[in-house]
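User: Please take a close look at a single part of this model. I would like one connected account of the surroundings of one residue there, with a few other positions for context.

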Amino acid sequence: MQLLKNIKRLKTSFIMRSLLEDERERAVQFIEKRENECTALMEQVLKSAENVFVLEDVLHGHFCALFYLRNKSTLFHFIPFVKKEPEADFNFSEIQKQEIEKALFVFLSDLEIFCVSGEYEGTLFINSILRRAGKILLDLREYILMENDFSSSACLELEDRIDVFVKKCSLEDKNFLIELERKYRLEEVVINQKEEDDKIIHFVLSKALTTQCIFCAMKIENGKLFAVAKAGTNAQGKNYFQLGGVFCREEFRNRRIAFFVIQHLLQFIHSCGKKASLFVKVKNEPAKKLYKNLGFTETGKYGISYFQKQ
């Protein structure tokens, strides 16, 4: 896509451009203070991924926002100036805000964005620009951001259980996990509760098993071994590992099995010297209670929006 190779430069102090390789450490420092809001973005910066873009104030040499475009359709963002009480460097005038919106409008207009993911106010800001560009918003999902800094070690003290056992999974365990992944995505990810193509589910799970860390609870019934719950990371940043894909079969819920699996995952994250972050649906009270019992505290809001594919 020509736009992504040569970002259009406007007659303004704000431009959108690709992040240069020798700017990676600068980008890390830019988002590090609020990494819990953008762990997935931090992961891609650390990996030197392509399609990382910066909104720059060229007059002052400041980074103003950072973006990662995955598969040309999913936009992860870090936009500190949209906060209700932005830092001094991001306390822009109305004229400056208009220039920023123009730069982002040019950048976003030619993209086929399907999903926007990041801190809630930032997602709303991007949504407004995409809608002005004629994109049709299908769904906006609100989440609570939570983190665990392990200031209390209680969450790491494993319960004694004999009904299930927990293991760290590898690609060889994909067949045990595929049904859990299918049900998780149907309940938590896909729009309008439509069944996904099995090829997509297998691809997503295989990638997670090779690039992330997944634990699952296994059980034996009638001589058959099967997975009843899972939890893993979906992003591994500099200071935070982000939890995701947490799911328990409906018939095994309310037995603290998910709690048990997450404990093993938290032990792993703590052993890596990282903090844990996650986002959970605003109205999912059982899940919020579970995470609070595991030492997580609320830190903000997160938003994921979905747009009609062109």
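Analyst: A residue is called buried under 20% relative accessible area, exposed over 50%, and partly exposed in between (1.4 Å probe, protein chains only). The model is predicted, so local features need pLDDT of at least 70 and side-chain atom pairs count only at pLDDT 80 or more, while totals for chains, interfaces and linings use all residues. Numbering runs from 1 along each chain as its sequence is written, and side-chain values use heavy atoms, with hydrogens and water left out.

Phe165 belongs to strand E7, residues 165-168 (strands are DSSP runs of at least two residues, helices of at least four, numbered from the N terminus). Because its relative accessible area is 40%, Phe165 is classed as partly exposed. Ser18 is part of strand E1, which covers residues 14-18. With a relative accessibility of 30%, Ser18 is likewise partly exposed. Its C-alpha atom is 8.9 Å from that of Leu55, a residue 37 positions away along the chain.

Ser305 is buried because its relative accessibility is 0%. The C-alpha atom of Ser305 lies 5.2 Å from that of Val116, although 189 residues separate the two along the chain. Val116 is also among the contacts of Ser305 (heavy atoms within 4.5 Å), together with Phe114, Cys115, Thr123, Asn127, Leu137, Asp139 and Leu140, once neighbours within four places in sequence are set aside. With one of these residues, Asn127, the side chain of Ser305 forms a side-chain polar contact of 2.7 Å (N or O atoms within 3.5 Å, one able to donate a hydrogen and the other to accept it; residues adjacent in sequence count only if both atoms are side-chain atoms).

Thr123 sits in helix H5, which spans residues 120-132. Thr123 is buried, since its relative accessible area is 0%. A polar atom of the Thr123 side chain lies 2.9 Å from the backbone oxygen of Gly303. The side chain of Thr123 also has a polar atom 3.3 Å from the backbone oxygen of Gly118. Beyond residues up to four places away in sequence, Thr123 touches Gly303, Ile304 and Ser305, and also His77, Val116, Ser117, Gly118 and Leu140.
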